[in-house]
Amino acid sequence: MALPVCPKCEGEHTYEDGHLYICPLCFFEWTDECARAAEEASIVRDSNGNPIEDGDNATIIRDLKVGKDTIKQGAKVKGIRILDVPVDGHDIEGKVDGFGSLYL
């Protein structure tokens with residue numbers, strides 16, 4: 001079984017000590033439960049709690065005021081892309097017909 005990488009520093013040199021995993025690089029200690037919680041927190045979800053993946057499509061659930069324009073409820077967002085580095089707090093990018101590319 002491969003040991004998980006450190007959730008704090010992403011170091012690959014973790015080791016087990018009883019029920020704990022320990023990172024010798026940053027001295028962070030965690031359990032399997034903490035690792036599962038961190039993994040669960042990294043999943044991007046929609047407003048209903050469903051996981052979102054690259055390439056998915058979505059529907060806008062309420063009117064969005066964007067500058068002087070408004071994207072109406074029910075508009076389709078196509079080709080969703082999950083961003084590794086959020087832009088101004090937005091971690092999803094997609095295209096809306098008639099509007100263009102948009103960060104959500």
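**Entry 1: Glutamate 93**

I looked up glutamate 93 and found it buried, with a relative accessible area of 15%; buried here means under 20% relative accessible area, exposed over 50% and partly exposed in between, with a 1.4 Å probe and protein chains only. I note that this is a predicted model, in which local features need pLDDT of at least 70, side-chain atom pairs count only at pLDDT 80 or more, and totals for chains, interfaces and linings use all residues. Residues are numbered from 1 along each chain as its sequence is written, and side-chain values use heavy atoms, with hydrogens and water left out.

I placed glutamate 93 in strand E8. Strands are DSSP runs of E of at least two residues, and helices are runs of H or I of at least four, numbered from the N terminus. I then looked for polar partners of the glutamate 93 side chain. The side chain of arginine 81 makes a polar contact of 2.4 Å with that of glutamate 93, and the side chain of serine 101 makes one of 3.1 Å. A polar contact is a pair of N or O atoms within 3.5 Å; within protein, one must be able to donate a hydrogen and the other to accept it, and residues adjacent in sequence count only if both atoms are side-chain atoms. Beyond its neighbours within four places in sequence, glutamate 93 is in contact with Gly79, Ile80, Arg81, Leu83, Ser101, Leu102 and Tyr103, where contact means heavy atoms within 4.5 Å.

**Entry 2: The four-stranded sheet**

I traced the sheet that holds E8 and read an open sheet of four strands in the order E4-E7-E8-E9, with antiparallel pairing. Two strands pair if DSSP finds at least two bridges between them. E4 and E9 stand at the edges with a single partner strand each, so one side of each has no neighbour in the sheet.

I followed E8 to each of its partners. Five bridges pair E7 with E8 in the antiparallel sense, and valine 87 stands opposite histidine 90 in E8. These two strands form a hairpin with two residues between them, and aspartate 88 in the turn has a positive phi of about 50°. On the E9 side (residues 100–103), four bridges join the antiparallel strands E8 and E9. I recorded leucine 102 as the bridge partner of glycine 94 and glycine 100 as that of valine 96. E8 and E9 also form a hairpin, here with three residues between them, and glycine 98 in the turn has a positive phi of about 80°.

**Entry 3: The largest pocket**

Which elements give two or more residues to the lining of the largest pocket? I first took its volume, about 470 Å³. The search uses a 1 Å grid over the protein atoms alone: a pocket is an open set of points with protein on both sides within 12 Å along at least five of seven lines, a cavity is a set where a 1.4 Å probe fits but cannot get out, and lining residues have an atom within 4 Å of a point. Grid points are joined across faces, edges and corners, and the volume is the space filled by probe spheres set on the points. The elements in question are strands E4 (58–59), E7 (76–87) and E8 (90–96). The lining divides into ten nonpolar, five polar and five charged residues.

I turned to the open sheet of three strands, E1-E2-E3, which is paired antiparallel. E1 and E3 (29–30) are its edge strands, each with a single partner strand, so one side of each is left without a neighbour in the sheet. Strand E2 (residues 20–22) pairs with E3 over two bridges, and glutamate 29 is the bridge partner of isoleucine 22.

Tryptophan 30 lies in E3 and is buried, with a relative accessible area of 2%. I found its C-alpha atom 9.8 Å from that of glutamate 16, 14 residues apart along the chain.

Threonine 14 belongs to the segment before strand E1 (15–17) and is buried, at 9% relative accessible area. A polar atom of its side chain lies 2.7 Å from the backbone oxygen of proline 4. Not counting residues up to four places away in sequence, threonine 14 touches Ile22 and Trp30, among others.

Technical notes:
Nonpolar A, V, L, I, M, F, W, Y, C, P; charged D, E, K, R; others polar.
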